[in-house]
Amino acid sequence: MSSDRWERLVSSVYDPFLWLGERRGMRDRRAALLRAARGRTLEIGAGTGLNLPHYPSDVDELLLTEPSPAMASSLHRRVSGVGRPATVLTVPATELPVEDSSVDTVVSTLVLCTVPDASAALAEIARVLRPGGHFLFCEHILSDRQVLAAAQRRLARPWAAFAIGCRCDRPLLDTITSTLRLDRVEHSTWRGMPPLVRPLITGSAVR
Ligand SMILES: C[S@@+](CC[C@H](N)C(=O)[O-])C[C@H]1O[C@@H](n2cnc3c(N)ncnc32)[C@H](O)[C@@H]1O
């Protein structure tokens, strides 16, 4: 199967695949995280738009970026369905078409696992955030438990082939704190999902 067809297939089953995890805590986690979004807000890798219903009404402008055309078309449909103004931009996290220091909040949920170069994405996020602006994140990470971490490392490549490039073996808290100042972080478990992607960090970092 071509990679385009695989991408279309994955985007069409993305919401059903996440359904149990959303019900078992992820939807509430998204809502709690996004309560802190303010002002001009930009989301990277917005996928099918599962965060969309959770943005507070006092977000002034919402820019949803998503490089995959298949995901972006689901995202357009959800934006129309929810009826809230948002601009969809089909671009990767490393090429955000906004000026330096022009964004109040950047959001990333389950994206830094998939971008080819997470450090480059963080550098781009830091570029667009205004000083004092917040990066709100929820990401799955390499476990600090040895047995699970060994399995994540061993199965990282087959998992990435199945999940369109998603790496289950990234120590993403280190990647975030090497570029931004950590404000708060909570460690939890992504219930209802395969063990490889269960260890989660949710929090906020400041430019
Ligand atoms: C697991 S999905 C997460 C989608 C959504 N953020 C959510 O919380 O459901 C990962 C997303 O990252 C996107 N992605 C892949 N490469 C990317 C890149 N270089 N820059 C930004 N997003 C990327 C994928 O297209 C996909 O929509």
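How far is the sulfur of Cys-166 from the closest cysteine sulfur? The gap is 3.9 Å, and the partner is Cys-113. A disulfide needs the two sulfurs within 2.5 Å, so this pair is too far apart for a bond. Keep in mind that this is a predicted model. Here's a quick look at its cysteines and its ligand site.

**Cysteines**
- Searching the whole structure for disulfides turns up zero.
- Cys-138 isn't in one either: its nearest cysteine sulfur belongs to Cys-113 and sits 10 Å away.
- As for solvent, Cys-138 is buried, at 3% relative accessible area.
- Cys-166 is buried too, with a relative accessible area of 7%.

**Who surrounds the ligand**
- The ligand has 18 residues around it, and the ones that come nearest are Tyr-14, Arg-30, Gly-45, Glu-66 and Thr-109.
- Sorted by class, that shell is made up of 11 nonpolar, five polar and two charged residues.

- Tyr-14 puts a polar side-chain atom 2.7 Å from a ligand oxygen.
- Arg-30 also uses a polar side-chain atom, 2.8 Å from an oxygen of the ligand.
- Ala-93 works through its backbone instead, with an N or O atom 2.8 Å from a ligand nitrogen.

**Cover and pocket**
- On its own the ligand has 590 Å² of accessible area, and the protein covers 87% of that.
- If you're looking for the largest pocket, it's the space the ligand takes up.

How values were computed. Residues numbered from 1 in each chain as written. Predicted model: local features only at pLDDT ≥ 70, side-chain atom pairs only at ≥ 80, totals over all residues. Heavy atoms only, no water. Buried < 20%, exposed > 50% of the residue type's maximum accessible area, 1.4 Å probe, protein only. Near = heavy atom within 4 Å. Polar contact = N/O pair within 3.5 Å; in protein donor to acceptor, adjacent residues only side chain to side chain. Areas by Shrake-Rupley, 256 points an atom, 1.4 Å probe, with all protein chains shown as cover. 1 Å grid on protein atoms, 1.4 Å probe; cavity = no way out; pocket = protein on both sides within 12 Å on 5 of 7 lines; lining within 4 Å. Sits in = over half its atoms within 2 Å of the grid points. Nonpolar A, V, L, I, M, F, W, Y, C, P; charged D, E, K, R; others polar.
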